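The following paragraphs lead the reader through one protein structure, beginning with a single side chain and widening to the whole chain. The sequence and the structure should be kept in view throughout.

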Amino acid sequence: MRPISRIASDLGWLPISFVNIYFVGRPGSAWVLVDTGLPGCSREIIGAAEARFGAGARPEAIILTHGHFDHAGSALALGEYWDVPI
């Protein structure tokens with residue numbers, strides 16, 4: 001699993017293939033996920049989120065910048081797994 005790169009104390013970046021996924025929030029506090037990558041990326045995103053925010057951590061919400069398959073591909077799987085709004 002590729003680790004999240006820290007851009008700022010409250011912003012992490014995870015590139016998967018040609019897609020950029022962002023984690024907004026500090027470890028130990030509320031956070032949101034911006035974009036969800038390609039279909040089938042949910043396990044990698046969950047693993048990266050748990051590495052940054054702790055086991056069982058879930059975002060307050062998932063934000064999609066737009067609806068293309070490379071930004072929203074894993075939205076349904078992640079929204080259902082974490083039971084959060086998209």
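In this predicted model, Tyr-81 has a relative accessible area of 42%. Since that value lies between the 20% under which a residue is buried and the 50% over which it is exposed, Tyr-81 is partly exposed. Trp-82, by contrast, has a relative accessibility of 4% and therefore counts as buried.

The rings of these two residues bring the reader to the aromatic side chains. A pair of aromatic rings is described by two quantities, the distance of the centres and the angle of the planes. By the rule applied here, there are five aromatic pairs. In one of them, formed by Trp-31 and Phe-53, the ring centres are 4.2 Å apart and the planes meet at 5°, so this pair is stacked. Trp-31 belongs to the loop between β3 and β4, whereas Phe-53 belongs to helix α1; the pair therefore ties together parts that are 22 residues apart in sequence. Both Trp-31 and Phe-53 are buried. Tyr-81 and Trp-82 also form an aromatic pair, but theirs is edge-to-face, with 6.3 Å from centre to centre and 65° between the planes.

Directly after α3 comes Asp-83, which has a positive phi, near 55°.

The strands form the next part of the picture. Five of them make an open sheet in the order β1-β2-β3-β4-β5, and their pairing is mixed. β1 (5-8) and β5 stand at the edges and have a single partner strand each, so one side of each has no neighbour in the sheet. Within the sheet, β2 (residues 11-16) and β3 (residues 19-24) run antiparallel and are joined by six bridges.

The whole chain may now be considered. How many helices and strands does the protein chain have? It has three helices and five strands, and from the N terminus on these elements follow the order β-β-β-β-α-β-α-α. The radius of gyration of the protein chain is 11 Å, close to the 12 Å that the globule rule gives for 86 residues, so the chain is as compact as a globular protein of that length. Along its principal axes, the C-alpha trace spans about 30 × 25 × 20 Å. Of the 86 residues, 43% count as buried. Finally, among contacts between residues at least 6 apart in sequence, 56% join residues at least 24 apart.

How values were computed: Residues are numbered from 1 along each chain as its sequence is written. This is a predicted model: local features need pLDDT of at least 70, side-chain atom pairs count only at pLDDT 80 or more; totals for chains, interfaces and linings use all residues. Side-chain values use heavy atoms; hydrogens and water are left out. Helices (H or I, at least four residues) and strands (E, at least two) are DSSP runs, numbered from the N terminus. Two strands pair if DSSP finds at least two bridges between them. Rings of Phe, Tyr and Trp (its six-membered ring) pair if their centres lie within 6.5 Å; planes under 30 degrees apart count as stacked, over 60 as edge-to-face and the rest as tilted. Buried means under 20% relative accessible area, exposed over 50%, partly exposed in between (1.4 Å probe, protein chains only). The radius of gyration is taken over C-alpha atoms; the globule rule is 2.2 Å times the number of residues to the power 0.38. Contact means heavy atoms within 4.5 Å.
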